[in-house]
Amino acid sequence: LRAAAISLVGYSLILEALRTAQASYVVAVRQTSVLFAVALGALWLGEQPGRARILGACIIAAGVVLLGFAQ
């Protein structure tokens with residue numbers, strides 16, 4: 001039940017962001033969920049992220065930073 005409520009809130013936030021901001025920015029920032037997945041996997045599950053996963057996370061983070069400068 002909690003997961004469904006959290007999903008509904010998250011989806012509602014995305015819809016509101018799409019309504020008020022440029023879609024390209026919202027979609028790019030939404031991909032930061034990958035960063036959280038890498039961090040949780042490493043910290044909570046004890047996974048060892050490979051170079052490709054770390055590089056991908058860095059590229060996503062850099063993209064979000066560049067979007068911040070673009071506005």
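User: Which side chain does R53 meet in a salt bridge?
Analyst: That would be E47: the side chains of R53 and E47 meet in a salt bridge, 3.9 Å from N to O. Keep in mind that this is a predicted model.

User: Where is E47 found?
Analyst: E47 sits in the loop between α3 and α4. Helix α3 covers residues 33–43, and α4 covers 51–70.

User: And what else does E47 touch?
Analyst: Leaving out residues up to four places away in sequence, E47 touches G41, A42 and R53.

User: How accessible are the two partners, E47 and R53?
Analyst: E47 counts as partly exposed because its relative accessibility is 39%. R53 is partly exposed too, with a relative accessible area of 49%. The cut-off for exposed is over 50%.

User: How many salt bridges does the structure hold?
Analyst: Two. Besides the R53 and E47 pair, E16 forms a salt bridge with R19, and there the closest N and O atoms are 2.7 Å apart.

User: Where do E16 and R19 lie?
Analyst: Both are in helix α1, three residues apart, which is about one turn of the helix. E16 is partly exposed at 37% relative accessible area, while R19 counts as exposed at 62%.

User: OK, zooming out. How many helices and strands does the chain have?
Analyst: Four helices and zero strands. Reading from the N terminus, the elements run α-α-α-α.

User: Is the chain spread out or compact, going by its radius of gyration?
Analyst: It's more spread out than a compact globule, because the radius of gyration is 14 Å, well over the 11 Å that the globule rule gives for 71 residues. Along its principal axes, the C-alpha trace spans about 40 × 40 × 15 Å.

User: What share of the residues count as buried?
Analyst: Of the 71 residues, 10% count as buried. The chain exposes about 5,800 Å², and carbon and sulfur atoms supply 69% of that.

User: Can you show me some buried ones?
Analyst: T32 is one of them: it counts as buried because its relative accessibility is 17%. A57 is another, buried with a relative accessible area of 12%. The cut-off for buried is under 20%.

User: Where does T32 lie, and what does T32 touch?
Analyst: T32 lies in the loop between α2 and α3. Not counting residues up to four places away in sequence, T32 touches I60 and V64. There's also a polar atom of the T32 side chain 2.7 Å from the backbone oxygen of V29.

User: And which helix holds A57?
Analyst: Helix α4. A57 and Q31 are 26 residues apart in sequence, and their C-alpha atoms are 9.7 Å apart in space. With F36 the sequence gap is 21 residues, and the C-alpha atoms are separated by 9.3 Å.

User: Is F36 buried or exposed?
Analyst: F36 is exposed, with a relative accessible area of 57%. Its place is in helix α3.

User: What about A62, which helix is that in?
Analyst: A62 is in helix α4, and it is partly exposed at 39% relative accessible area. A62 and A37 are 25 residues apart in sequence and 17 Å apart in space, C-alpha to C-alpha.

User: Switching topic: which residues make the nonpolar surface patch?
Analyst: Y11, L15, L18 and V27 make a nonpolar surface patch of about 370 Å².

User: Which helix gives the largest share of the nonpolar patch?
Analyst: Helix α1, residues 2–20, with three residues of the patch.

User: And where does V27 lie?
Analyst: V27 lies in helix α2, which covers residues 23–30. V27 counts as partly exposed because its relative accessibility is 47%.

User: Nice. Could you give me a quick recap?
Analyst: The chain has four helices and zero strands, and 10% of its 71 residues count as buried. The structure holds two salt bridges: E16 with R19, and R53 with E47. The nonpolar patch is made by Y11, L15, L18 and V27.

Technical notes:
Residues are numbered from 1 along each chain as its sequence is written. This is a predicted model: local features need pLDDT of at least 70, side-chain atom pairs count only at pLDDT 80 or more; totals for chains, interfaces and linings use all residues. Side-chain values use heavy atoms; hydrogens and water are left out. Helices (H or I, at least four residues) and strands (E, at least two) are DSSP runs, numbered from the N terminus. The radius of gyration is taken over C-alpha atoms; the globule rule is 2.2 Å times the number of residues to the power 0.38. Buried means under 20% relative accessible area, exposed over 50%, partly exposed in between (1.4 Å probe, protein chains only). Accessible areas come from the Shrake-Rupley method with a 1.4 Å probe; for residues, only the protein chains shown count as cover. Patches are made of residues with over 30% relative accessible area and no salt bridge: like charges are joined within 9 Å, nonpolar side chains (Val, Leu, Ile, Met, Phe, Trp, Tyr) within 5 Å. A salt bridge is a side-chain nitrogen of Lys or Arg within 4 Å of a carboxyl oxygen of Asp or Glu. A polar contact is a pair of N or O atoms within 3.5 Å; within protein, one must be able to donate a hydrogen and the other to accept it, and residues adjacent in sequence count only if both atoms are side-chain atoms. Contact means heavy atoms within 4.5 Å.
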